[in-house]
Every structure is written in structure tokens, then in C-alpha cells.
Amino acid sequence: MRTSIRWALVLMLLLALTACGGQGGEATQAPAAEDTTQEATAEVQPAKEIVFYNWSEYIDPEVYDLFEKETGIKVVEDNFSSNEELLAKLKGGVTGYAVIVPSDYMVNIMIQEGLLAELDHDNIPNIKNLAEEWRNVPFDPGNKYCVPYQWGTTGLGYLSDQMDEPQTWAVLFKPNPDAPWYGRATMLDDARESFAAALIYLGYDPNTTDEGQLKEARDLLIQAKPGLAGYDSDTYEDLLAAGENLLAHGWSGDFLMAQEDNENIAYTIPQEGGVIWVDNLCIPASVTPEEKLAAEMFINFILRPDIGAKISEYNYYATPNAAAEKLLPEDFLNDPTVYPPEEVRAKLHFLKPVGEAEALYQRLWDEVKAAP
Ligand code: SPD
């Protein structure tokens, strides 16, 4: 390559980097073309459109517009309601999803099943923005396959103008026909989450593989059914906001988001404890090279400090991105629903893979769902 052309390219690259310097993150661009060798013709170009398979209401849709404006890549969103639904889709051989959002224990399962692609960290320089504690998570050391997206807790949301703060999971597991929330309460439509609530109430490990303990939890979940309006992981917070239900088992940020519609919504972790989790951005092994590059560019964009902060301000979940956290307002950082205080954190459990017992959880959950 002639020297003058080389310098022109260097200058253009510098200008592009300067243009995005104000964001505090690395440029979200396809990696610059190497010198004009024969391999350059075979270089992968990012897909023009990718599908993001996500939990519902979990990202500010404006992020898609900003990403498209910057890269020309369109992101289309599809939703799932539980980790098991996501796993079944991938195991069933579905293709076309470029970025998925499994929780901690499910990342572990998916790695073991060979369902995830390894990330090319060269395409995700903003990974450096992650807080140290999220760089080496036990389910994916060194972020080889995934990048933590948001974290939160599972507890009880309730209408504080219609009932006192629930102190114990007994509000669900000892149904009382005289309680105002009887028949106006929901539990998550999620085997591991609902079993975790029952196991924690019983004083057992929420990751137990003991069949006797699991059957006890199944019986407790069945016992709770008459007091429930149903199992729901997608609209429970809206039903609370609308005053249709008074009590719901669900995820912290969803209740905070619903507070925008009903200021009486409150959230608590019962005295027996609850679940803490982190959801992660990962790429299925089935992607094409073009989708993979576009997916990595999208993940890199999400890891930009301003975008990370924007997402947390939208969905009210805590960010694992230290640089993004610096941009969040004080009242957000001091909100105990987002960042539980130490004494509450001590009562929270991460769900872990349970190996062969996974099938037992699913079978017992089917029995719960089928019971009257
Ligand atoms: N509306 C977004 C909810 C995200 C919940 N993910 C948590 C899964 C924990 N098992």
C-alpha cells in the first residue's frame, strides 16, 4: 500500500475514534480492514439484521435506534419467559437468534451442552468496563462465553395501600381465604424460581437434589394453589399496578418499573430469604460468522457506560458495568430494592445447575401445574 494512502487510513481511523471518545467507550464498529492482502476479500462483514432473544421489558428500545444509527445494524427483539423455555428452543435446534440472555445457572448448563459460541474479546473491548466481581463469575470464568447484563433479586411485590408488608413466604404457602390477597396473588411461571421459594420457606437449600425435599416443596406449591390467581412471569407487575392483584412473586426491577404506574407498589425479601441472579449476554453456537460479528458489536455497544446506565434507568436492575454505574443517580444507587443491604444479601441464594435432578424439578413442576 502506498504510504500516502496508509496515512490517510490512519487519519480516518483516528477521526472515527475521536468522534466516539466522548462516550467513554470503545468504538462499536466492525474491526478495521487489514492491509490489502488476499484474505481481506474473505473478511467477515457484520449481518445487517440480528435477533435479540430477551426477557420482556428488559431493554430501553431506544438502544436499538442508537445502535442502528451508529452501525447500520438493525436489532429485532423476541421474548422468552423462563430459562427453561430458552434452553428448550436452543436444544430444539432453532436458529436465527444472535444474542440470548440466560441467567447464571443456565449459562453453566448451556456451556456443558455445547450451545454457546466463545466470544471474541477483540470485538468487545468495552468488556473492560465490567466491575471486577463480574469478570470472573464461577459459571463462566474470564467471560469466555458471556458478558453479565443485569442483576437483581426475586422476592414479593405487593400493594402497600392494601396490605401490610409480607414478612414471610407463608403469605403464599399458607393460603388464608380471609386474607385480602387470597385469589389475588401470582407466582412466577418458572420451575426453578417457584421451587426455590418453597424450598427456602421450608428451610432447605434451593439447589437441593434430595427427592424427599423436592416432593415436600411440590406439595407446598400445590397447597398454595387455591390462593393464587395463576402463574405468570410476564404481566404480574402490570396486574399489580392495575390493582387486579395485590401480591406477586417476581423480579425486583419489574416491580420498580411498575411503580411508574402505581406508586403503592412495594417490594420485599421475606425473612426466610430469596434468590439473587445475574442475566448474561451470550451468543448461540449456531450463529453464522456474520451474525456473530454483529452480535459482538451489539454486546460491545451495550457495555458502553452511557448505554449501560440508560438500560438500568429503564429497567431498574443493577448494572455489572462499573463505568455505567458511575453515571447513575445517587437515589438509584441507594435504592435497597436495586442494591439490597448486607443483611438482606446474606439471605439471598444463587440458583445453580442441579445436574440430573433438573429433570426431576421439571417433572414435579408439571405435577404442580396439573394439580387442581
Ligand atoms: N423483565 C425482565 C426480567 C428478567 C428476569 N430475569 C431473571 C431470571 C432469574 N431466574
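1. Lys292 and Glu296 pair up through their side chains in a salt bridge, at 2.8 Å from N to O. By salt bridge I mean a side-chain nitrogen of Lys or Arg within 4 Å of a carboxyl oxygen of Asp or Glu. The two sit four residues apart in helix α10 (residues 289-302), so about one helical turn separates them. Helices here are DSSP runs of H or I, at least four residues, and strands are runs of E, at least two, numbered from the N terminus. Lys292 is buried at 18% relative accessible area, and Glu296 is buried at 2%. Buried means under 20%, exposed over 50%, and partly exposed in between (1.4 Å probe, protein chains only).

2. Bear in mind that this is a predicted model: local features need pLDDT of at least 70, side-chain atom pairs count only at pLDDT 80 or more, and totals for chains, interfaces and linings use all residues. Numbering starts from 1 along each chain as its sequence is written, and side-chain values use heavy atoms, with hydrogens and water left out.

3. Next, have a look at Glu358 and Arg192, whose side chains form a salt bridge at 3.9 Å, N to O. This one links distant parts of the chain: Glu358 is in helix α15 (residues 357-370) and Arg192 in helix α6 (residues 191-202), 166 residues apart. Glu358 is buried at 15%, and Arg192 is buried at 0%.

4. Lys144 and Glu118 also meet in a salt bridge, at 3.8 Å from N to O. Both are in the loop between α4 (104-112) and β4 (146-159), 26 residues apart. Lys144 is partly exposed at 40%, as is Glu118 at 42%.

5. Overall, the structure holds 13 salt bridges. Arg218, Asp219, Arg363 and Glu367 are joined in a salt-bridge network.
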